[in-house]
Amino acid sequence: MTARIAGNDYRSLTPPALGSWTPSLRVSVVVPAYGDQEKLDLTLAGLATQTYPAALTEVVVVDNGSDPPLRLPALRPANTRLIVCPVPGRAHARNAGLAAATGDVIHWLDSDVVLDRRSVEAHMRWHHAAPYLVVTGYLRFTPAALPAPEVVAAADDLAKLFEPAEPHAWLVDLVERTDGLTANPHRAFSLHVGGATSVNAALLAVAGPMDTDLILGQDTEMGYRLAQAGAVFVPEPLSRAFHLGPTMRMRDKAPIDRVSHAFVADRIPSYRWLRSHPARQWKVPYVEVVVEPAGGGYTYDGVRATVDAVLAGTLPDVAVTLAGPWDRVGAEGRAPLKDPDLDLVLIRGHYAHEPRVRFAGEVPAVVPALPADRPGGPAAPSGPAWAVPYRLRLPAGWVPGEDTLARLLDLARDEGYGLVSVLLAEGEGETGRIAGAGAGGTGSGRAVVRARLERAAAFARAAIVLAEGEDLDDAVNDTFGVIWVDGETYGFVPEAGALTGRRGAYRARAEAEAEAARLVKEAERLREQVARWRDEAGRWRRSTVELRREVGTLRKELAAARKVVQYGLLSSVKRAIIRRR
């Protein structure tokens, strides 16, 4: 049974200790190179002394049009080939090497990187534990003078030759921030860097080769497609290597990011910060909404209610797929109102020129098929449909609220769920019946109408680990998790409501901003009035204190007067008594 990893928590695997196991998988080390024969000689010298069995290792060096042409040195692995790729660009060279490789695992290696002699073995022990891993070693960047190839091959510790060196700071920081990539699986694909990374060849066949249309960022974009194909990304500290000199990114990070981000924004929907525009569309949308027939077929009114609500939502980064017998829709007939396919005609005509809506003959499969001819080379590049991270399957006629789709995606992303099932309606009947409680089902046997938000990477992983006779949703539950939510809570209703157009939304926003400004001014006026009242209250408090002081003085004077009066009366009485005597 294939090992099951939840999310990107590869810690559930226990790879064998170095030197204590018997490997069986073949590895192809692909080394694209352009010039710099001296560094290539050191790279091959490092490969010549690897502890991984030479009989299971092949090295494919790709000369990317060097002048003078590169050559294979005497000190190299036994099974080393040199091929030529005249088309300039590292992506073209990588693809040429990939097409020539025959191993079960592809190990990318730059031609200016020298591997520690245990590095390939450290990678391969993981690939023997599970067939859907991407493993990256730790690079250090050395300014040291280049030694002779024989010195590299004889060294028991490369640190003696190349230290002091700088670590790959970005990679180290990423691993530390995410608890070894287990705490934030949505960004784990960023670990795919071409300097020293190995990938299961079957996984690469599904993901497709390097995107040659990119100027920079090819490694990251391929890492994203590998994640979509179900990959788990593993940082391997026992795989150490030295990069001969600094990387281009270390020298010019800001301009490189500027160029890379301009292209990868179109291809990696997970980079949400690169898609801050409130309305524009992208090559790979964030979510595909598949509107499915309800009650045996499509109705124009039901489809329009659903599609228009989806397109008017707060998430513009969306595409809609309508699957149906669109080949039956032909030219206008003599009696269009009597056409049995009139609703299909109306739907097709209504959305024919909406670029976010596409018409398909059938609902796309939930997982990609693994190419059967893997030994002959990689599959064709995967299309944008397989790169879309989320897919919502929604019955026609059910209408999401303005923020419904965004809320569902927040739930799936924040909690890492592979499937969010939305209960829309429940009752008697056969449509949408759930037979049991698998994958978080209700288990009641009652007929339900539901929507499904599926994470593509979760279903691709589930297809890899699926056991015979097992339901795919159950495998998704094991690897990413499944949850049921109530449709009404998330804003789904079974009828169309009034849509707020952009102009209406603008006016509402303008009115809200004007009202907010008015309230700010009113609040300021009230604050000033409160300040005046506070000043007035302060004056009254001071007056009260003064009055209290005056009252106190008067009380004292009154008491003194009383004493005087009492004393005078007493004296008068005494004098009167004396006179009477």
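Modeller: Asp-36 is partly exposed, because its relative accessibility is 44%. In this predicted model, Asp-36 sits in the loop that joins strand 1 (27-33) to helix 1 (37-48). Its phi is near 55 degrees, a positive value in a residue other than glycine. Most residues other than glycine have a negative phi, and most peptide bonds are trans.

Leu-181 also has a positive phi, of about 75 degrees, although it is not a glycine. The loop that holds Leu-181 runs between helix 6 (169-177) and strand 8 (196-200). With 0% relative accessibility, Leu-181 counts as buried, since the limit for that class is under 20%.

The bond from Asp-67 to Pro-68 is cis, with omega near 5 degrees, and Pro-68 belongs to the loop between strand 2 (57-63) and strand 3 (80-84). The bond from Glu-163 to Pro-164 is likewise cis, with omega near 5 degrees. Pro-164 is placed in the loop between helix 5 (159-162) and strand 7 (166-167).

Helix 11 (residues 300-311) consists of twelve residues, and the distance from its first C-alpha to its last is 16 Å, close to the 16 Å expected at 1.5 Å a residue. Ten of its twelve residues are buried, so helix 11 is largely enclosed by the rest of the structure. Among the buried residues of helix 11 are Tyr-300, Gly-302, Val-303, Asp-308 and Leu-311. Their cover includes strand 10 (287-292), strand 11 (318-323), helix 12 (342-351), strand 12 (357-360) and strand 13 (390-395).

Helix 11 packs against helix 12 at an angle of about 30 degrees, and their axes are 9 Å apart. Helix 11 is therefore roughly parallel to helix 12, as angles under 35 degrees are counted in that way. On the side of helix 11, the contact is made by Tyr-300, Val-303, Arg-304, Val-307 and Asp-308. These residues meet Asp-343, Leu-346, Ile-347, His-350 and Tyr-351 in helix 12. By class, the contact between the two helices comprises six nonpolar, one polar and three charged residues. An α-helix has 3.6 residues a turn, so residues three or four places apart point the same way.

Note on methods
Residues numbered from 1 in each chain as written. Predicted model: local features only at pLDDT ≥ 70, side-chain atom pairs only at ≥ 80, totals over all residues. Heavy atoms only, no water. Helix = DSSP H or I, 4+ residues; strand = E, 2+ residues; numbered from the N terminus. Buried < 20%, exposed > 50% of the residue type's maximum accessible area, 1.4 Å probe, protein only. Expected span 1.5 Å × (residues − 1). Contact = heavy atoms within 4.5 Å. Axes fitted to C-alpha atoms, helices over the stretch in contact; angles between N-to-C directions. Parallel < 35°, antiparallel > 145°, perpendicular 65-115°, else oblique. Nonpolar A, V, L, I, M, F, W, Y, C, P; charged D, E, K, R; others polar.
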